[in-house]
Every structure is written in C-alpha cells, then in structure tokens.
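Open your viewer and keep the selection tool ready.

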Amino acid sequence: MSKKIAVFTGTRAEYGLLYWLIKDIHDDPDLTLQLLVSGMHLSPEFGNTYKQIEDDGFKIDERIEILLSSDTATGTAKSMGLGVLGFTDALSRLEPDALVILGDRFEALAAAQTAMILRIPILHLHGGEITEGAYDDAIRHAISKLSYLHGTSTDEYRQRVIQLGESPTRVKNIGAIGLDHLKRSEFMTVDEIAESLQFDLKAPYFLVTYHPVTLGEEPPEESFNAILTALDAFADHQVILTYPNADDGGRKIIPILEQYAQANPKRVLAIPSLGQQRYLSTVKHASVVIGNSSSGIIEVPSFDVPTINIGVRQKGRLAAKSVLHCDAQTHSIESAIRAALSREYQAEGEAIANPYGAGNASKQAIQMLKELDFQPSKPFYDLK
C-alpha cells in the first residue's frame with residue numbers, strides 16, 4: 001500500500017520552493033500526494049496563487065481559509081486559531097501517513113500543532129535556521145519540536161536541530177529544497193519575461209521584495225520608503241516590485257508600492273506574485289536582487305547575482321559573500337547597491353560558493369519519507 005504524503009503550502013514562495021518535491025511525490029508509484037492549500041494562496045489581495053498550483057497540474061485536496069482582512073498581530077493570532085480548526089477537519093479527512101511542512105510561517109505552525117496532536121508525523125524542511133528580525137525565528141524552532149523528521153539546508157543547521165533535542169538519526173542535511181530548480185527547471189529569456197509581464201523590459205533592472213519586520217525597530221512604511229528613495233538614485237535601472245507577505249504591517253506597504261509604480265509606469269512594475277518559474281527567471285537576469293526575503297540569501301547566490309539584504313529580518317542566517325547587508329536607511333541601501341553593481345565583493349573570475357547545497361534535496365526528502373517507520377504510540381521525543 002502506498003504511503004499518503006500530505007504537503008502543506010500557504011504562500012507563493014513556499015510553494016515555489018516545494019514544487020519539485022510535490023511533483024516527485026505525485027509521480028512516485030509508492031506515494032500518494034495530498035495537497036493542503038491555505039493562507040495567501042486563497043486571497044485575491046495576494047494574487048489567488050492557488051491557480052498556479054492548479055495550472056501546474058496538481059489537485060488541491062483541501063482548501064483551508066484562514067486569512068482575515070487585518071494587518072495586526074491580533075489578526076495573525078486569530079488566523080492561526082482558524083487554521084487549527086480548519087486543519088483539524090482537513091487532516092482528519094485525509095488521514096495522511098506524513099505531513100511535509102517547510103519553514104517558519106504562522107500558517108505552518110497552525111498546521112504543525114494540529115498534526116502533532118493527531119499523531120501525524122511531520123517532515124520539517126529548513127529547520128535550525130536563524131532570522132532574528134522576525135517572530136518566524138521562534139515559529140521555526142517550535143515547528144521543529146513538533147516534527148518527527150528533519151531535512152535541514154546546511155550541516156550547521158542540522159547541528160542546531162539536534163541541539164534542540166531531536167534524534168540525530170532523524171535529522172539529515174539535504175540542502176535547500178528550492179535549489180533543485182537550478183538543475184531541473186527551464187528559465188525564461190528577458191524577452192519572454194517582458195512578454196509574460198506585458199512590460200517593456202529593456203534596461204538593466206532590479207528585483208525588489210521587502211517584507212515587514214515583525215521583531216525589532218524597523219517600521220515597514222518608513223523602511224520601504226527608504227528603499228524607494230534609494231532606487232531613485234539609479235534612474236538607468238528599471239524596477240520590478242513584488243508584494244510583501246501577509247505579515248503584520250505588510251498591507252501598509254502595498255499602496256506605497258503601487259503608487260510608486262503608477263508614478264513611474266515605464267520604469268517600474270508592481271506585481272502581487274511572479275510565480276516560481278518567472279521569479280527565478282527574473283532573478284537570473286537581474287542586476288541586483290534587493291529586499292529582505294530569504295530567497296535573496298538562499299537561492300539568488302546560485303545565479304551569480306548579488307543580493308542587497310536590508311535590515312534585521314534575516315539577521316543570523318548563513319550567507320554567501322555575494323549577499324551585501326545594509327541598514328534600512330536610504331544612504332546605506334544606496335551604498336550597498338553601488339557596491340553590488342561594481343561587484344566589489346567578488347575577486348575577478350571567482351565563483352560564488354552557495355552554502356545551501358547543489359540542488360538535490362527532493363530526492364533525499366523522498367527517501368526519508370519512504371523509510372519513515374512511525375509508530376503513533378511512541379513519543380515524538382523518543383531518541384532511540
């Protein structure tokens with residue numbers, strides 16, 4: 001009998017990282033894929049990105065509506081409560097043999113705590129990492145403690161998960177799951193990107209994604225305006241702006257972003273979501289990737305494209321030397337962009353080493369799922 005493997009996804013970025021693993025589970029005769037889709041995927045405000053999942057040929061088994069039209073910590077906490085209710089019903093119907101969860105978002109925590117109570121073992125991807133500027137940091141470690149199997153992105157992060165008390169036999173460094181795209185995906189040309197976006201993309205361009213900081217003193221509106229002012233200093237570069245995540249304060253950024261694009265229609269494009277293929281293709285041809293997304297640190301260096309990492313959101317995460325860190329202040333951002341464009345961080349002809357692996361994580365995750373021998377009567381913390 002094939003194992004039923006449920007995969008949770010709540011955001012466009014997370015789905016993009018999980019794509020090859022979802023496809024490999026779907027195509028494996030020994031496994032049955034079950035997809036739980038929630039969060040931003042189901043929101044018109046953030047692009048109804050569940051449609052991309054369906055366009056990729058995957059059947060959505062459960063849709064769990066949890067997002068409130070709110071931009072506050074109270075709204076986020078209530079969304080988590082709705083998530084627990086919805087995931088309880090969904091997982092009870094599906095009865096999976098395992099649940100795959102990636103990362104550190106509040107939607108994922110709601111799914112993880114529900115699965116643990118229902119005695120469904122979780123394979124957690126990207127545990128052990130540090131991001132001091134977001135409450136995602138605590139959520140990530142909490143999900144690790146609720147999980148049974150762990151696929152980390154570096155050996156340092158594997159050791160941190162073990163330090164949390166997880167059995168070393170159930171923690172494996174498989175590398176970053178999103179890097180599988182490097183070996184397995186086809187990328188679009190600049191002309192194809194421009195046609196797809198219906199945007200005349202001729203000049204060199206920046207790709208910008210900024211998410212609100214949920215821990216620390218970095219007001220989202222003030223910080224994002226600092227980014228836009230810095231971008232004004234590079235009028236010879238076009239700009240592609242993608243929407244922030246549905247975190248506290250994220251909705252405050254969206255009208256600022258849209259107004260900036262409307263004021264500069266030939267130079268700036270604002271878009272809720274690029275989709276994974278178009279996003280990575282846009283990264284591939286960008287002059288610089290700017291913002292505070294984990295993608296700028298984990299995936300972008302493999303394209304030999306410099307990253308400007310702004311502020312404290314990703315503080316503590318391992319980074320290649322092509323990732324240039326700066327404060328969320330206009331002068332600091334502008335200086336970092338100039339350094340990135342001049343490639344001052346790189347010796348001539350020297351390749352960028354990405355600490356997050358080489359793009360073979362999905363195969364290893366599949367093997368972990370196939371070898372899973374979980375006994376519901378045993379404690380999750382049993383180290384034998």
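The tour visits a helix pair and then some aromatic rings.

This is a predicted model: local features need pLDDT of at least 70, side-chain atom pairs count only at pLDDT 80 or more, and totals for chains, interfaces and linings use all residues. Residues are numbered from 1 along each chain as its sequence is written, and side-chain values use heavy atoms, leaving out hydrogens and water.

**Stop one: two helices.** Select 220-231, helix H9, and 250-263, helix H10. Helices here are DSSP runs of H or I with at least four residues, strands are E runs of at least two, and both are numbered from the N terminus. The axes of H9 and H10 come within 9 Å and cross at roughly 20°. H9 and H10 are therefore roughly parallel (angles under 35 degrees). Axes are lines fitted to C-alpha atoms over the stretch in contact, with angles from 0 to 180 degrees between N-to-C directions.

**Stop two: aromatic rings.** The structure holds nine aromatic pairs. Rings of Phe, Tyr and Trp (its six-membered ring) pair if their centres lie within 6.5 Å; planes under 30 degrees apart count as stacked, over 60 as edge-to-face and the rest as tilted. Select Tyr-148 and Phe-374: their centres are 4.9 Å apart and their planes at 75°, so the pair is edge-to-face. Tyr-148 is buried at 11% relative accessibility (buried means under 20% relative accessible area, with a 1.4 Å probe and protein chains only). Phe-374 is buried too, at 15%.

Next, select Tyr-157 and Tyr-356. Their ring centres are 6.3 Å apart and their planes at 35°, so this pair is tilted.

**Last stop.** Select Tyr-15, Tyr-19, Trp-20 and Phe-58, which ring pairs link into a cluster.

Notes
Angles under 35 degrees count as roughly parallel, over 145 as roughly antiparallel, 65 to 115 as roughly perpendicular and the rest as oblique. Buried means under 20% relative accessible area, exposed over 50%, partly exposed in between (1.4 Å probe, protein chains only).
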